[in-house]
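Hi everyone, thanks for making the time. Let me put it up on the screen.

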Amino acid sequence: MRKITLALSAACLLFSLNSAVVARASAPTPLYTGTTAAMLAEQAPIHWVSVAQIENSLMGRAPMAVGFDIDDTVLFSSPGFWRGKKMYSPDSEAYLKNPEFWEKMNNGWDEYSIPKEVARALIAMHVKRGDSIYFVTGRSQTKTETVSRTLQDDFQIPAANMNPVIFAGDKEGQNTKIQWLEKKNIKVFYGDSDNDITAAQDAGARGIRVLRASNSTYRPLPMAGKFGEEVIVNSEY
């Protein structure tokens, strides 16, 4: 009888423990987790700068050649890339190797791209300084292009400051922008990707990071400031 009682007690204990585990596992995630002032104030320890601070750092320097990446740096161009993916390769990134996509992207689809406000401020500052402005992109080159005209119109760049877009292309295992930054003697280069920053650093230019918008189709988002470069505040839009 004692053995039966002990067995029943053990079974009841095991059942109660299992029930507690199941209850904890199935408990819903709280809707409101809350936060603290310290959590809200937390900032990544990187070198943040403003457009005004960049302008101040260039005071007294003669006009120079400066460069900009295009996609996610001066234009929020995800609409065109999203359309291209749906049209040419919904289940993969193969559309990026398709010449037909680039013909459309470089010849009209930037009409759907949104100019970034940080780019307006930066370009206006460099135009005021009398700098020569280059756009160096990883897009594939096409027989014709309207990107140069679109950028000149969007950012109101005078002909004296504007240069045709350089289509550096994309080659596996090679940073195709380095040679162009060196060839054009670009002293400051703005970009959102890691390749933009390393290209600038390898070419002896000052690489400054522009934040990629969190809703960009270009994923994953890069870790801004990881190379010790300056990162522009509020530059995601």
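So, let's begin with the second largest pocket, which has a volume of about 170 Å³. One thing to keep in mind as you look: this is a predicted model. Who lines that pocket? Among the lining residues are Asp192, the run Arg209, Val210, Leu211, Arg212, Ala213 and Ser214, and also Glu236. Sorted by class, you get seven nonpolar residues, four charged and one polar.

Now the largest pocket, where we have about 920 Å³ of space. It has 35 lining residues, and the ones closest to the centre are Phe81, Leu96, Gly138, Asp170 and Tyr218. Two elements put two or more residues into that lining, helix H4 (78-88) and helix H9 (194-202). H4 has the largest share, with four residues.

Okay, on to the cores. The largest nonpolar core has 29 residues, and Leu122, Phe135, Leu151, Tyr190 and Ile232 are the ones touching the most other members. Several elements supply at least two residues each, including helix H3 (51-57), strand S5 (132-137) and helix H7 (147-154). Which element gives the most to this core? That's H6, with five residues.

Let's zoom in on Phe135. Setting aside neighbours within four places in sequence, Phe135 is in contact with Phe68, Ile70, Val74, Ile123, Leu151, Ile157, Met162, Val165 and Ile166. And Ile166 turns up again in a second, separate core of 13 residues, along with Ala168, Ile178 and Phe189 among others.

That's my tour, thanks!

Note on methods: Residues are numbered from 1 along each chain as its sequence is written. This is a predicted model: local features need pLDDT of at least 70, side-chain atom pairs count only at pLDDT 80 or more; totals for chains, interfaces and linings use all residues. Side-chain values use heavy atoms; hydrogens and water are left out. On a 1 Å grid over the protein atoms alone, a cavity is a set of points where a 1.4 Å probe fits but cannot get out, and a pocket is an open set with protein on both sides within 12 Å along at least five of seven lines; lining residues have an atom within 4 Å of a point. Grid points are joined across faces, edges and corners, and a volume is the space filled by probe spheres set on the points. Ala, Val, Leu, Ile, Met, Phe, Trp, Tyr, Cys and Pro count as nonpolar, Asp, Glu, Lys and Arg as charged, and the others, Gly among them, as polar. A nonpolar core is a set of buried Ala, Val, Leu, Ile, Met, Phe, Trp, Tyr and Cys residues joined through side-chain atoms within 4.5 Å. Buried means under 20% relative accessible area, exposed over 50%, partly exposed in between (1.4 Å probe, protein chains only). Contact means heavy atoms within 4.5 Å.
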